[in-house]
Amino acid sequence: MKMIGSKKNIVLALVFIVAALFAPAIITAEEAPAVAPALKIDTGDTAWMIVATALVMLMSIPGLALFYGGLAKRKDSLNTMAMTFVTFCMVSVLWVVYGYTFSFGTDLRGIIGGAEKLLLKGVGVNSISDLAKTIPEYLFIMYQLTFAAITVALASGAYIERMKFSAWVLFSILWMTVVYLPVAHWVWGGGFLAKLGALDFAGGTVVHVNAGIAALVGALVLGKRKEKAILPSNLTLVITGAGLLWFGWFGFNAGSALAANGLAGAAFINTNTATAVAALAWMFTEWLHSGKPTVLGLASGAVGGLVAITPAAGFVNISGAMIIGIAAGIIPFYAVAKLKPMLGYDDTLDAFGIHGIGGTIGALLTGVFADPSVNELGKGLLYGNPGQLWTQFIAVAATLVYSGVMTFVLFMIIKAVVGIRVDVEQEVTGLDESQHGEKAYNL
């Protein structure tokens, strides 16, 4: 009996010793805050984002260049393409020098990013951004570069056939710096609109509202062309450019999920559906209005749909995408066919009518149709959050006011420094020859 009792005491002693040894660890584990898993580069996400980045570049050159170049007059088409081409080149350099850090660096009072990553200081091959947790930071930088480039280039559609090439080069540099970088930070870089809860999946405010209002203000400052009629030089190029834009836009919208996942799939199908619906809506509206369904109208409607679904692509369900597509096909058509003639501004290629109006439609309707079952970060009016629509309105208004005012200021500065408009003789001759000494068509 004594032996049994001794064994019990030994067992109890061992239990107490084990408990004493492991209790601190158990208590520490319970009390310690949960440690977030270390960020790790995912090869699948990286592969998809390399493709998406290349697709967005394709949107600028050759997509937008062909689309705008085909719409311009024969004597101005090369100059029009050159405006997009040179913009991509300049933004490619400026973005890595200072553009990235001022857009996505440490937030400074909700207005601009910090300067800690000038010339990509501190970024290495294995660096990961907090905003893109599974891909190399170099890839995230390159992806955002393509957005900055096409945003600047979009505004050129309102200025063609009369703006000095030197003025455009200077404007591109200044506008990217003074306008695009702050607005991108406000929405995507942790700035005040992000903190307010504004939803912009792939660039409704940052890209299209921003560039659209810049297009309108610049067109007003430049004044009307001497030959105001639009005489597209090559509708085949227009359709080719529109097709490339549609194709590249999958990188623009689906790529904004920043991963190869279900959200990217939702953005992909929403983008295609809204674009097809908008193209048809524009075509049938024009058919009823003028008696003929033009190929130019079909392409314009498609671009309008791409624009409007951009902020909503990763937030809405398929029904929401279709409604946005209908609105994007009808409202911009009347902005181009009725509003522009009524107000008399010369927005050459309807950059404001399609991008400014379409971007505003998409941004506001995101606040209506954002479905939390698609993306838990977005909950719109129809899903019990009417405040989201008000937040979207604030984001649109802030972008319109800031971009519009700063564009006007920049045009006044450029006008004083190098002038903004070619003389009458150069405009009549055409900007291909007067600005570049070349012709797009030699036959």
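In which helix is F284 found? F284 sits in helix α9, where helices are DSSP runs of H or I with at least four residues and strands are E runs of at least two, numbered from the N terminus. Because its relative accessibility is 45%, F284 counts as partly exposed, the class between buried (under 20% relative accessible area) and exposed (over 50%), with a 1.4 Å probe and protein chains only. F284 lies 14 residues from L298 in sequence, and the two C-alpha atoms are 9.1 Å apart in space.

Before going further, a word on what you are looking at. This is a predicted model, in which local features need pLDDT of at least 70 and side-chain atom pairs count only at pLDDT 80 or more, while totals for chains, interfaces and linings use all residues. Residues are numbered from 1 along each chain as its sequence is written, and side-chain values use heavy atoms, with hydrogens and water left out.

The pLDDT, the predictor's confidence in each residue from 0 to 100, averages 92 over the chain, and 91% of the residues score at least 70. Where pLDDT is low, the predicted coordinates should not be read in detail.

Now for the chain as a whole. Its secondary structure comes to 15 helices and 2 strands, and its C-alpha trace spans about 120 × 45 × 40 Å along the principal axes. Of the 443 residues, 54% are buried. Among contacts between residues at least 6 apart in sequence, 78% join residues at least 24 apart.

Let us turn to the open spaces. On a 1 Å grid over the protein atoms alone, a pocket is an open set of points with protein on both sides within 12 Å along at least five of seven lines, a cavity is a set where a 1.4 Å probe fits but cannot get out, and lining residues have an atom within 4 Å of a point. Grid points are joined across faces, edges and corners, and a volume is the space filled by probe spheres set on the points.

The largest pocket has a volume of about 990 Å³. It is lined by 38 residues, and L131, W188, S256, L258 and L377 are the closest to its centre. Helices α3 (77-104), α4 (137-155) and α5 (165-188) each supply at least two lining residues, with the largest share, 5 residues, coming from α4.

The second largest pocket has a volume of about 360 Å³. Of its 17 lining residues, I230, W282, L296, V336 and D350 are the closest to the centre. The elements giving two or more residues to this lining are α2 (43-71), α9 (262-290), α10 (295-309) and α11 (318-343), and α11 gives the most, 5 residues.

The largest cavity, of about 60 Å³, is lined by K73, K75, D76, E161, R225, K226, E227 and E427. The second largest cavity has a volume of about 30 Å³, and its lining consists of L64, F67, I150, L154, L245, W249, V303 and H355. Helices α2, α4 and α8 (235-253) are the elements that give two or more residues to this second lining.

Notes: Contact means heavy atoms within 4.5 Å.
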